[in-house]
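Please take a look at the model below and keep it open while you read.

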Number of protein chains: 2
Amino acid sequence: MTTYNFAAGPAVMPKPVIDQIQAELPSFQGSGMSIMEISHRSALFDQVISDAEADLRELMGIPANYRVLFFQGGGTLQFTAAPLNLATKHHHIGLLDSGHWASRAADEARRVGTKVDILGTAADNHFTALPTLDQPVDQALDYVHLTTNNTIEGTAYTMLPQTGHVPLVADMSSNFLGQQYQVTDFGMIFAGAQKNLGPAGLTIVIVRDDLIGQAQNLPSMLDYQLFADKRSMFNTPPVFAIYAAGLVLKWLKAQGGLAAMEQRNRDKAALLYDFLDQSKLFTSHVKPADRSLMNMPFVTGKPALDAQVIAGATDRGLLNLKGHRLVGGMRASLYNAMPKAGVQALVDYLADFEATHAKEELTDVSN
Amino acid sequence: MTTYNFAAGPAVMPKPVIDQIQAELPSFQGSGMSIMEISHRSALFDQVISDAEADLRELMGIPANYRVLFFQGGGTLQFTAAPLNLATKHHHIGLLDSGHWASRAADEARRVGTKVDILGTAADNHFTALPTLDQPVDQALDYVHLTTNNTIEGTAYTMLPQTGHVPLVADMSSNFLGQQYQVTDFGMIFAGAQKNLGPAGLTIVIVRDDLIGQAQNLPSMLDYQLFADKRSMFNTPPVFAIYAAGLVLKWLKAQGGLAAMEQRNRDKAALLYDFLDQSKLFTSHVKPADRSLMNMPFVTGKPALDAQVIAGATDRGLLNLKGHRLVGGMRASLYNAMPKAGVQALVDYLADFEATHAKEELTDVSN
């Protein structure tokens with residue numbers, strides 16, 4: 001049975017990348033050692049990490065005055081590192097409250113003594129739309145934190161809020177490389193790898209070099225300037241995860257880069273949203289203009305029926321459609337590596353389910 | 001050509017583990033997804049992490065009142081986390097200065113405002129022997145930090161210093177699972193995986209439960225109590241690295257456990273040390289009683305000759321023998337996954353090199 005993995009992360013990776021990892025596993029580049037066994041100080045790994053950075057720079061158009069850093073610890077560690085490194089002048093940041101992960105970022109910033117102003121919230125809309133700025137941004141903030149794509153709530157920014165001279169810091173974890181942004185619109189971008197880039201255990205930080213180097217005496221594993229100076233190899237980096245991410249970046253280039261990938265993602269997303277919008281059974285509650293290209297929560301409105309939808313999907317090889325525990329229902333994540341055929345299979349299944357369900361309802365009523 | 005990888009870390013892994021990873025890569029447990037693509041909230045991964053913890057507990061004899069935590073960020077992140085979590089009463093720790101990594105630990109502890117007393121140093125011996133306690137340990141310390149095995153200097157503790165009621169915190173990164181210790185002799189043990197446990201990107205923390213939960217308002221990614229409460233899944237853990245480490249733990253059990261493994265490691269180490277001690281060309285400067293079972297630095301005394309030794313070894317498939325940049329010369333790391341045949345091949349090569357070199361010297365003299 002062909003299976004399609006709709007998980008929100010860790011998530012589907014490109015099949016050719018999995019195949020290449022498998023083929024190269026016993027002896028990386030003829031070295032007699034697997035990629036897991038080679039030194040991070042070796043010429044072999046130096047090529048891996050240099051290629052990964054160069055390919056990422058090419059794909060995203062990252063200018064020379066931005067540093068690309070390879071961290072561990074997921075987006076969550078950056079919730080701590082970003083204020084420690086960048087909120088050094090005012091110890092005060094702004095944040096757009098677009099959902100769970102934005103709220104987590106605010107919490108971690110406060111834990112390290114940073115004052116956090118909520119500049120706008122989507123709580124009134126139950127996070128089914130994006131927050132907008134309540135008023136012009138106070139220019140005495142170190143930065144404004146933004147979650148470009150809200151994995152749980154299914155919203156994403158296409159237009160960015162205007163923050164004047166205050167830099168935007170973006171948690172791009174769940175639409176990194178899935179949608180194009182202009183890097184120069186941000187002071188910093190970070191992203192956990194386990195959505196569109198590769199296996200869990202790697203986090204990318206892209207940061208404008210004039211914003212770092214101001215913090216004193218940071219723990220080394222949170223120090224952007226140190227990581228920049230040491231090319232992310234102050235200690236042993238996650239070698240395997242960087243290697244796998246590097247292969248995904250080469251695959252992305254072979255697919256035509258981010259413009260082509262975004263177009264494909266728009267086509268895939270349209271296929272599912274168009275179905276949901278005409279469906280009498282399934283609903284997306286998210287405001288159309290704010291909808292994510294990556295994560296689509298939807299519901300029938302009845303938890304027991306949602307459970308039937310999910311069970312039936314699993315039987316057909318349509319995996320991991322259960323919604324996040326905070327919102328329930330279903331969620332389909334359509335990352336870069338999800339082929340259009342997977343989305344079509346999902347839509348076909350949902351249409352079948354709806355038709356069968358409508359007949360059953362009719363029978364129930366006529367009985 | 002058979003190759004043997006003597007790297008200090010990332011390092012050799014057991015061949016059967018590499019084979020199993022390769023075989024299972026396209027579809028983990030028949031799921032249709034690779035291990036990199038499965039959710040950390042899935043039943044599949046729950047089994048992986050539960051097995052890894054249970055197997056580690058069995059191998060090391062970890063009592064129920066110790067928690068086993070899975071972190072990212074290497075030993076270096078624990079240099080920060082350990083004082084933040086455990087040095088909450090006196091903000092004051094002791095440390096035995098046994099070499100580079102102990103010194104790094106002291107530096108990171110000081111960065112987070114912890115006072116660090118050096119209780120003994122091996123600096124006078126150029127770190128070729130272990131430091132001992134200069135005097136009885138002040139009982140108003142939160143803990144004493146110890147590096148059980150010094151990867152660069154080639155020393156390891158067999159006997160532990162007596163610290164009274166003050167808990168020992170051990171950085172066991174480079175002899176974790178390679179040598180037996182009594183867990184109850186420590187308040188906490190931590191270890192980066194990339195020596196004896198698996199790929200880089202995973203760090204194990206084993207901590208006595210009464211020592212944690214005292215710290216307030218820590219960054220989540222550094223909070224032992226939170227990681228204990230969330231079974232190391234507050235955010236996405238490094239799924240692949242935990243899976244690979246789990247396979248290594250099963251392999252270790254199949255090898256007879258840690259007692260058998262330590263005996264094998266003692267035999268391998270003796271093979272190399274016995275050769276070095278009778279050699280007229282090669283020297284280990286490390287005090288015999290303090291020698292590591294894992295990492296053996298040695299020299300000819302002439303850097304140009306060391307370079308010849310290393311180049312010749314590489315030609316024979318004896319890889320990564322170059323010493324650490326801080327000490328030069330050669331270093332052979334004989335972790336669990338290094339077969340005795342590899343050590344024998346190294347000793348045979350060194351003996352050949354010595355014999356050839358002796359003849360050349362003789363020729364040079366007679367010319």
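The side chain of A:Lys195 comes within 3.1 Å of the backbone oxygen of A:Ala8. Keep in mind as you follow this contact that the model is predicted. A:Lys195 is also the position at which UniProt, in an unreviewed entry, places the feature "modified residue: N6-(pyridoxal phosphate)lysine".

Where does A:Lys195 lie in chain A? Look at the loop between strand E9 (188-192) and strand E10 (203-208). A:Lys195 counts as buried because its relative accessibility is 14%, and the cut-off for buried is under 20%. If you leave aside the neighbours within four places in sequence, A:Lys195 is in contact with A:Ala8, A:Gly9, A:Ala11 and A:Val12, and also with A:Thr151, A:Ser173, A:Ser174 and A:Tyr335.

Now step back to the domains. Chain A is assigned domain 1 (16-254) and domain 2 (257-366). The contact draws on 25 residues from domain 1 of chain A and 25 residues from domain 2 of chain A. Taken over C-alpha atoms, the centres of domain 1 of chain A and domain 2 of chain A are separated by 29 Å.

What lies between these two domains? Domain 1 of chain A and domain 2 of chain A bury about 2100 Å² between them, and carbon and sulfur atoms give 56% of that area. Twelve residue pairs are in polar contact across the interface of domain 1 of chain A and domain 2 of chain A, both residues at pLDDT 80 or more, while the count of salt bridges between domain 1 of chain A and domain 2 of chain A is zero. On the side of domain 1 of chain A that touches domain 2 of chain A, helix H2 (43-60), strand E7 (155-156) and helix H6 (239-254) of chain A each supply at least two residues. H6(A) gives the most to that side of domain 1 of chain A, with three residues.

Finally, turn to A:Gln72, in the loop between strand E2 (66-71) and helix H3 (74-86) of chain A. With a relative accessible area of 5%, A:Gln72 is buried. Its side chain reaches across to chain B, with the backbone nitrogen of B:Gly73 at 2.8 Å. Not counting residues up to four places away in sequence, A:Gln72 touches B:Gln72, B:Gly73, B:Gly74 and B:Gly201 among others. Within chain A, the residues that A:Gln72 touches include A:Leu77, A:Gln78, A:Gly201 and A:Thr203, as well as A:Thr236, A:Pro237 and A:Pro238.

Definitions and conventions: Residues are numbered from 1 along each chain as its sequence is written. Chains are lettered from A and ligands numbered from 1 in the order in which they are written. This is a predicted model: local features need pLDDT of at least 70, side-chain atom pairs count only at pLDDT 80 or more; totals for chains, interfaces and linings use all residues. Side-chain values use heavy atoms; hydrogens and water are left out. UniProt positions are given in the numbering used here, feature names are shortened, and annotations may be inferred rather than shown by experiment. Helices (H or I, at least four residues) and strands (E, at least two) are DSSP runs, numbered from the N terminus. Buried means under 20% relative accessible area, exposed over 50%, partly exposed in between (1.4 Å probe, protein chains only). Contact means heavy atoms within 4.5 Å. A polar contact is a pair of N or O atoms within 3.5 Å; within protein, one must be able to donate a hydrogen and the other to accept it, and residues adjacent in sequence count only if both atoms are side-chain atoms. Domain bounds come from an automatic or database domain assignment. Buried area is the accessible area (1.4 Å probe) that two parts lose on being put together, summed over both. A salt bridge is a side-chain nitrogen of Lys or Arg within 4 Å of a carboxyl oxygen of Asp or Glu.
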